[in-house]
Amino acid sequence: MNSGVWEEVGCAKLWNEWCRTTGTAHLSPPEAFCVFYHLKSNPSVFICQCSCYVAEDQQYQWLEKVFGSCPKKNMQVTILTCRHVTDYKSSESTSTLPSPFLKALKTRNFKEPPCCSLLEQPNIAHDLPAAVLSYCQVWKIPAVLYLCYTDVMKLDLVTVEAFKPVLSTKSLKGLVKNVPQSTEILKKLVTTNEIQSNIYT
C-alpha cells in the first residue's frame with residue numbers, strides 16, 4: 001500500500017451505535033471508515049480497507065453497494081480479519097496457543113490451497129467478513145477468508161506480520177512489491193493508529 005502503485009478511488013462512512021459520524025459528504029481517507037483502492041497497473045484489482053463495525057442490518061446494503069457494480073465473472077475475493085484468541089474454541093487452553101495464528105475458511109469455488117489450516121468446527125466467522133464470504137458462496141464467487149487470532153486488543157506489528165504468508169499465495173504474490181523497509185513502515189502505521197484512535201479494536 002505504500003509502494004505508490006495503489007490509488008484511492010472511493011470511500012464511505014457508516015452510522016450506527018458503534019460507529020457515529022456527523023456526515024457523509026466530502027469524505028477524506030483519514031475520516032472514512034471504508035476506503036477503496038485499485039491497482040494502477042490493473043484497475044480490476046481492488047482493495048477495500050474497512051475499519052468500522054458494520055451492523056448486521058447494514059451488511060446486505062454494504063454488500064450490494066460494493067459488489068453490485070462489479071462483474072462477478074472471473075472475480076476472486078480474499079478477506080483478512082482478526083479476532084481475539086479467547087474467541088477460538090479448542091480442547092487446548094487458549095493460553096497455550098501460539099498467538100497470533102491464522103485459520104482459513106473458503107467457498108466451494110475457491111480451488112487454490114489456502115496458506116494455513118482451515119478453521120475447525122465449532123468455530124465460526126463473524127460480522128462483515130462472514131457476510132462477505134456467505135455472499136460469495138451464494139454467487140459462486142471463489143473466496144477465502146483468513147482469520148488471525150491474536151491476544152492483543154489493538155492492531156500491532158506482530159498481528160499484521162502474521163498475515164505475511166497470505167502474500168505468498170498464488171492469487172496475491174504477483175501483486176506484492178518487495179519493500180525492504182516494510183517492517184519500519186508497519187511500525188509507523190501501527191504507531192500512528194495508536195495515537196489517532198482505537199478504530200482497530
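View 1. β5 and β6 (residues 143–150) are antiparallel partners, joined over six bridges. Two strands pair if DSSP finds at least two bridges between them. Strands (E, at least two residues) and helices (H or I, at least four) are DSSP runs, numbered from the N terminus. Residues are numbered from 1 along each chain as its sequence is written.

**View 2. The open sheet of three strands.** The strand order is β4-β6-β5, with mixed pairing. β4 (77–84) and β5 (101–106) are the edge strands, each pairing on one side only. From one strand to the next, the twist averages 25°.

**View 3. Helix α2 across the sheet strands.** Residues 127–138 make up helix α2, which lies across β4, β5 and β6 and runs at about 150° to β4. Axes are lines fitted to C-alpha atoms, for helices over the stretch in contact (heavy atoms within 4.5 Å). Angles run from 0 to 180 degrees between N-to-C directions.

**View 4. Confidence at β5 and helix α4.** pLDDT is the predictor's confidence in each residue, from 0 to 100. Among the elements of the protein chain, β5 has the highest mean pLDDT (96) and helix α4 (residues 182–196) the lowest (55). Over residues 192–201 the pLDDT is below 50, and this stretch has twelve contacts in the model beyond near neighbours in sequence. Where pLDDT is low, the predicted coordinates should not be read in detail. Local features need pLDDT of at least 70, side-chain atom pairs count only at 80 or more, and totals for chains, interfaces and linings use all residues.

Terms used:
Heavy atoms only, no water.
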